[in-house]
Amino acid sequence: MSAGKTPSETAARAESLPVGSLRRGLIILSALAFGATVWTLATPSESDAAIFLGFSPFRLTLALALLMLSAACAAAFCAARPIAGRLNALLICRERLYLTLLLLWCGLGVSLWCVLFSWLFIPANLRPALVWLALAFAAAIILIRHGYRVVFARQNLRAYYRVFPRWTEIAPVQKKTMAVLLVISALYLVILLPSNLNGTRDMDAFARYGGDEYVIYPILMDVMKPGDTFGATLYHLFIYEDYHYGYPFYAVSTLILTPSRLIFGASFAERVAVNLPLLRIGVSVIPLVLACWIIVYLFTRFRRPFVSALTLIFLLFAPGSLQNNQGFWHPDGLNLLFVCLTLYFLQRDRRRFGRNFFAAAVCCGLSIATRLYGFFFVGAIGFYLIYSLIGRILDLKKALTVGLIFIAVMTLTAALASPYLFRADARARMIEIMNEKSGEMAHGYEGDYDPRNDHRPGWDAWYPAFEDHYVKRFCFWFLWATLLLGCVMGRERLTFQAVFFWCAAVTAYLVFFVAVKSTQYVLPALLPLMGAVFALPELAADAAARLSEPRRRAVVKFAWAASAAVYVVQLAANLIIVRPRFF
């Protein structure tokens with residue numbers, strides 16, 4: 001090995017971009033750019049916009065730009081050898097090689113997204129250029145994968161940017177815990193099945209039982225309705241005109257019902273006996289169960305099977321969870337899953353500011369696109385950066401850089417997951433709905449029955465809702481105290497800090513600014529908090545590590561006794577509340 005070269009650099013140098021393949025790619029792209037130019041000029045512009053040969057200034061400028069791209073690719077063909085040398089010098093570092101390929105895949109995805117939406121809101125005149133751009137990204141991906149095939153054979157892109165651990169990396173005790181949680185989750189789905197069949201016998205039964213679902217269901221049916229043209233179908237699919245809930249909710253619902261749509265054909269919308277249970281379980285129940293798994297993992301790492309099982313039961317049988325999971329097709333379970341994934345990736349990143357940090361940005365953007373809750377991560381992410389700055393893990397420049405990249409990834413994800421935002425009429429309708437909804441949230445629903453005068457902001461109005469649907473006051477403050485202790489002591493302070501700032505931001509918003517007491521609004525605030533119910537014993541063990549063995553054991557036993565007492569009393573109270581739902 002030559003001096004100064006790392007093993008990864010030597011491995012990358014063993015492969016390189018072949019000059020012949022680069023030349024073939026460039027000449028093909030040159031020809032395609034010329035073809036895109038012809039395509040751009042294939043039809044004349046509107047007569048009132050034409051200024052030369054029947055074309056508008058925009059169309060002529062676009063054609064000229066494509067011709068210049070064609071010429072540039074042809075010129076690059078002649079200089080392929082030095083270009084290949086410079087690219088190989090750039091990609092000799094394995095980190096740059098994988099990052100380049102990742103960015104190319106992202107570019108291909110965005111360009112295909114733009115091609116698709118050139119039938120809706122992106123000017124159709126750009127379609128030839130966008131198709132050429134997508135083909136250019138695809139050609140670059142093929143070229144790099146072929147040129148560095150030995151490197152990618154050792155570790156492909158998905159393995160390099162893996163955000164979840166391999167099955168072989170999971171400890172046996174964690175696998176045992178997952179098996180236990182899987183059994184509990186399967187039993188939970190079976191228990192909830194009868195309540196998720198309520199009101200699904202036929203359309204009349206649905207009309208009597210449906211509530212919000214009866215309002216949302218026709219919107220989804222319109223989303224899934226094919227149009228007379230490809231553009232009309234896309235309009236139905238993406239511009240759904242009622243923006244109370246974000247597009248990811250309708251996208252997931254559409255995916256779940258696609259098999260039903262294919263099986264039943266024209267009568268598909270009337271098959272509520274099939275469609276509604278699928279939607280309730282697939283969009284509400286399963287995402288919430290997965291979110292609860294993540295919450296359990298955050299506080300136990302799946303290393304204590306019995307404690308993990310008890311915590312999962314505590315979360316799943318909270319009255320607020322059951323309210324969401326019994327005959328209630330809404331986006332809140334999906335939103336909770338995106339929130340918990342954001343917390344998971346922040347915990348997994350451990351202030352390295354790598355792929356997990358930006359995976360958290362993607363999930364945060366999906367939460368914004370679904371229910372706007374992702375905006376409340378501003379405190380958790382801000383503290384995460386400031387804490388790293390104080391700890392000298394980042395300097396000011398790097399902190400600003402990664403913070404801005406996080407915001408950019410989050411914003412791009414939210415925008416791409418909300419395609420209606422790019423149409424002025426849909427955007428205006430969304431703003432109108434948001435203004436209307438913000439007034440309802442701040443002042444309550446006009447004419448609603450409110451015997452306790454709960455429909456107002458303030459702690460005295462909110463704590464009865466917390467107690468009725470999540471935790472009593474003694475448990476509420478016990479959980480907050482545990483979370484605060486975890487922020488300043490123990491081995492998992494980063495996790496506790498992220499959960500603390502997240503829960504504090506959402507809870508404060510609800511208490512001080514929201515009058516409506518819908519139980520699903522509280523799910524992202526209190527369910528992650530409830531995951532800390534058995535966190536105190538481990539914190540006590542870490543805090544008492546320097547004490548004598550008898551004292552340390554006494555402290556840990558007291559922590560276990562306190563946690564167990566809070567758990568048993570609160571679980572019993574919740575089971576009493578939810579008993580009428582089953583018996």
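Take R491. By its relative accessibility, does R491 count as buried or exposed?

Author: R491 counts as exposed, because its relative accessibility is 60%. Keep in mind that this is a predicted model.

Start with the partner of R491. R491 forms a salt bridge with D542. The closest N and O atoms of that pair are 3.6 Å apart. The cut-off for such a pair is 4 Å, so 3.6 Å falls within it. R491 sits in the loop between α23 (473-488) and α24 (493-513). D542 belongs to helix α26 (residues 536-543). D542 counts as partly exposed, because its relative accessibility is 26%.

R304, R491, E538 and D542 are linked in a network of salt bridges. Side chains of opposite charge can pair when their charged atoms come close.

Now set that pair beside others. The whole structure holds 16 salt bridges. One of them joins R280 to E213. There the closest N and O atoms lie 2.8 Å apart. R280 lies in helix α14 (residues 272-300) and E213 in helix α11 (residues 212-223), so this pair ties together parts that are 67 residues apart in sequence. R280 has 0% relative accessibility, so R280 counts as buried. E213 is at 1%, so E213 counts as buried too. R491, by contrast, counts as exposed.

Another pair is R423 with D425. Its closest N and O atoms are 3.1 Å apart. D425 is partly exposed, with a relative accessible area of 41%.

Next, the cysteines. The cut-off is 2.5 Å. C363 counts as buried, at 7% relative accessibility. For C475, the closest cysteine sulfur is in C503, at 13 Å, again too far for a bond. C475 is buried as well, with a relative accessible area of 0%.

L316 is found in helix α15 (residues 305-316). Its relative accessibility is 0%, so L316 counts as buried. What touches L316? Leaving aside neighbours within four places in sequence, L316 is in contact with I184, Y188, L288, V289, C292, S321 and L322. A76 is another matter. L316 and A76 are 240 residues apart along the chain, and their C-alpha atoms are separated by 61 Å.

Helix α6 (residues 127-147) has 21 residues. At 1.5 Å a residue, α6 should span 30 Å; its end C-alpha atoms are 30 Å apart, so the two values agree. The buried residues of α6 include W132, I141, L143 and I144. R127, P128 and G147 are also among them. What do the buried residues of α6 pack against? They pack against α2, α3, α4 (80-91), α5 (94-116) and α7 (149-154).

I27, I28, L32, F77 and L135 form a nonpolar patch on the surface. Together these residues have about 400 Å² of accessible area. The largest share, 3 residues, comes from helix α2 (residues 19-40). F77 is found in helix α3 (residues 57-78). F77 is at 33% relative accessibility, so F77 counts as partly exposed.

Last, the whole protein. There are 27 helices and 0 strands. The C-alpha trace spans about 80 × 70 × 40 Å along its principal axes. Of the 583 residues, 48% are buried. Among contacts with a separation of 6 or more, 76% join residues 24 or more positions apart. The protein exposes about 27800 Å², and carbon and sulfur atoms supply 67% of that area.

How values were computed: Residues numbered from 1 in each chain as written. Heavy atoms only, no water. Patch = residues over 30% accessible without salt bridge, like charges linked within 9 Å, V, L, I, M, F, W, Y side chains within 5 Å. Areas by Shrake-Rupley, 256 points an atom, 1.4 Å probe, with all protein chains shown as cover. Salt bridge = Lys/Arg side-chain N within 4 Å of Asp/Glu carboxyl O. Helix = DSSP H or I, 4+ residues; strand = E, 2+ residues; numbered from the N terminus. Buried < 20%, exposed > 50% of the residue type's maximum accessible area, 1.4 Å probe, protein only. Contact = heavy atoms within 4.5 Å. Expected span 1.5 Å × (residues − 1).
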